[in-house]
Amino acid sequence: MNKDNFFGDLKKLRELITKKDKIILFFLFIGTIFLSIIETFGISVIMPFITLANSPQLIFENKITDSIYKFFNFQSTVNFMLFFSVILIGFYIFRSLYNIVYFYSLNRFALGKFHYFSYKLFCKNIELSYLDFINKNTDKIRSDINAKCFETSDYLKNLLIIFSESFTILLLYILLLLVSWKMTLVLSLILGLKILFITKNISKIIKMQGRIRIQMEEKVLKILSKTFGNFKIIKLKNNEKVIYDDFIKADQKKVKTQIVCETLNVLPKNILETIGFSILVACVAYILYRYNDTNAVLPIISMYALALYRILPSINKIMMGYNMMMYNKKSLEIVYQELTYKTKPEYSQPITFNHTIALKNVCFSYIPNKPILNDFNLTIHKGEKIAFIGHSGAGKSTLVDLIIGLYEPNFGDIYIDDHKLTNKNIKSWRKKIGYIPQNIYLFDGTVAENIAFGSELEEEKLIWACKMANIDNFLEQNDGLNTFVGDGGIKLSGGQKQRIGIARAIYDNPEILVLDEATSALDNDTEAKIMDEIYKIAENKTLLIIAHRLSTIERCGRKIEIK
């Protein structure tokens, strides 16, 4: 990993975690140090144990063991070694339990961050302005909230594992230097060169595979949305084979990156273990040649064997962790970019609408220097029924979206009575709006859940809204408010969906009702019935209608043509 990139990633992680997380990380750091000390002690104690078991007379030659022998008044060296064995077994049981608790804490922290990142990213996308949202891909948003956040937490987890294993290796390495610095340096040189080679070549491939995986995941999600969103069309076109081929190509490429990554992850383990234990065998031959004494060989070789038995898996964990960090690096970049994106805060300062809505010299454009509205002025009186007409693309919907506070003018102002509409009161203003779009999106739930749509479920309000929208007869023939509508309202007719959309719009009793081509997809008879219901509902409300059919707007007091 490039040094600048690595420290850049650390900076990103530091900005993404909270003050509380930093305190938890501090205690995990202390736990890591203690774990490393335990691991090092567990290895280092084997050498004196084997030495004393092999040569019991040495118990009396060492000050510490001699003092312990006398303090407990052992009757023989056998009793002493049995006592030593029991203590050692107790220590290893403690070591095992501590490892379990430590790695539970580590995983709990890392996976807790997955929940935190997902929640924050979910909130961040809801906080987006409507203009920012329509420029985003909803499949990518879903992928970021689920997959990318998990991969970012996995990046953090692997970083913590690398730190933990590195500290353990450091202490064990110091111990091996004290045992035989020459042999340790030779071992370090050979393993170090191999690690450098592996890191430079394998990690580069894994990083590239990680980027390809993200591209393919987004492509697969796009195919899924496109397919299930147009299921009826696919059945009619009978073009499943084309979709199958697209899915297979994208998914196979995604799976291939995972196969490459998983295969390359186990490669360092096999290489390092082969080299490490081959060197150990060579060291046995060297020590035999040097000392020509098995008593001298046994403790040292036992020490190196146990140390390598612990060090090599740690090195492998570091290599795997490093490779997974490379694989998930792009996800970290995406989550960081999304969470640090600056959104304009919005507040709920009270605002009243008693007289007029006034647009003064309003300008708006999606693309710079290509205005949709330019120096636009309009006054709407409370209780008016106004129709906005004009050719497609003229700016009717844009104008209404400005009035109801979904867009913010590039220039000019909007006044509600004498109060300027700003980000301080925008939420209060929007709550006064009931909106009925052309395409009603219904999620897979009950009629009651779809009407309330996040508001508190109140049976009286639900019954009133259903009666006003003239859908109560349909509900009586089914399961009432608990009737399931299916994903996208697939179980309902167009008119039934539109009536649920009306009930949803009036559920919170808004002061302003907006219809955006709300009946254009319906037949004339159904449209006439629904418009009768809407005009009845809007009798004491301000009504804004965007429509093409003259029959839809014939009862409007004012018709404004947008050119």
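Is Glu-533 buried or exposed? Glu-533 is buried, with a relative accessible area of 9%; buried means under 20% relative accessible area, exposed over 50%, and partly exposed in between, with a 1.4 Å probe and protein chains only.

This is a predicted model, in which local features need pLDDT of at least 70 and side-chain atom pairs count only at pLDDT 80 or more, while totals for chains, interfaces and linings use all residues. Residues are numbered from 1 along each chain as its sequence is written, and side-chain values use heavy atoms, with hydrogens and water left out.

**Stop 1: Glu-533 and Asn-470**

Select Glu-533, which lies in helix α18 (residues 524–537). Helices (H or I, at least four residues) and strands (E, at least two) are DSSP runs, numbered from the N terminus. Leaving aside residues up to four places away in sequence, Glu-533 touches Met-468, Ala-469, Asn-470 and Arg-499; contact means heavy atoms within 4.5 Å.

Select Asn-470 next, in the loop between α15 (459–468) and α16 (472–476). Asn-470 is partly exposed, with a relative accessible area of 37%. Its phi is positive, about 60°, although Asn-470 is not a glycine. Most residues other than glycine have a negative phi.

**Stop 2: Asn-73**

Asn-73 also has a positive phi without being a glycine, here of about 55°. Look for Asn-73 in the loop between α4 (63–71) and α5. Asn-73 counts as exposed, at 55% relative accessibility.

**Stop 3: the open sheet**

Now select the strands of the open sheet, 5 in number, which follow the order β6-β7-β8-β3-β9 with parallel pairing. Two strands pair if DSSP finds at least two bridges between them. At the edges stand β6 (433–436) and β9 (558–561); each has a single partner strand, so one side of each is left without a neighbour in the sheet. Direction ignored, neighbouring strands of this sheet are turned by 15° against each other on average. Axes are lines fitted to C-alpha atoms, for helices over the stretch in contact, and angles run from 0 to 180 degrees between N-to-C directions.

Strand β3 (residues 385–389) pairs with β9 in the parallel sense over 4 bridges. Within this pair, Ala-387 stands opposite Lys-559 in β9.

**Stop 4: the nonpolar cores**

A nonpolar core is a set of buried Ala, Val, Leu, Ile, Met, Phe, Trp, Tyr and Cys residues joined through side-chain atoms within 4.5 Å. The largest has 48 residues, among which Leu-16 and Ile-206 touch the most other members. Helices that each supply at least two residues of this core include α1 (3–16), α7 (138–179) and α8 (181–229). The most comes from α11, with 15 residues.

Select Leu-16: not counting residues up to four places away in sequence, Leu-16 touches Tyr-116, Phe-117, Leu-332, Val-335, Tyr-336 and Leu-339. A second, separate core of 39 residues includes Ala-387, Ile-440, Phe-474 and Ile-553.

**Stop 5: α2 and α3**

Finally, select α2 and helix α3 (residues 46–54), whose axes come within 4 Å and cross at roughly 20°. That makes α2 roughly parallel to α3; angles under 35 degrees count as roughly parallel. Gly-42, Ile-43 and Ser-44 of α2 make the contact with Ile-46, Met-47 and Pro-48 of α3.

Key:
Parallel < 35°, antiparallel > 145°, perpendicular 65-115°, else oblique.
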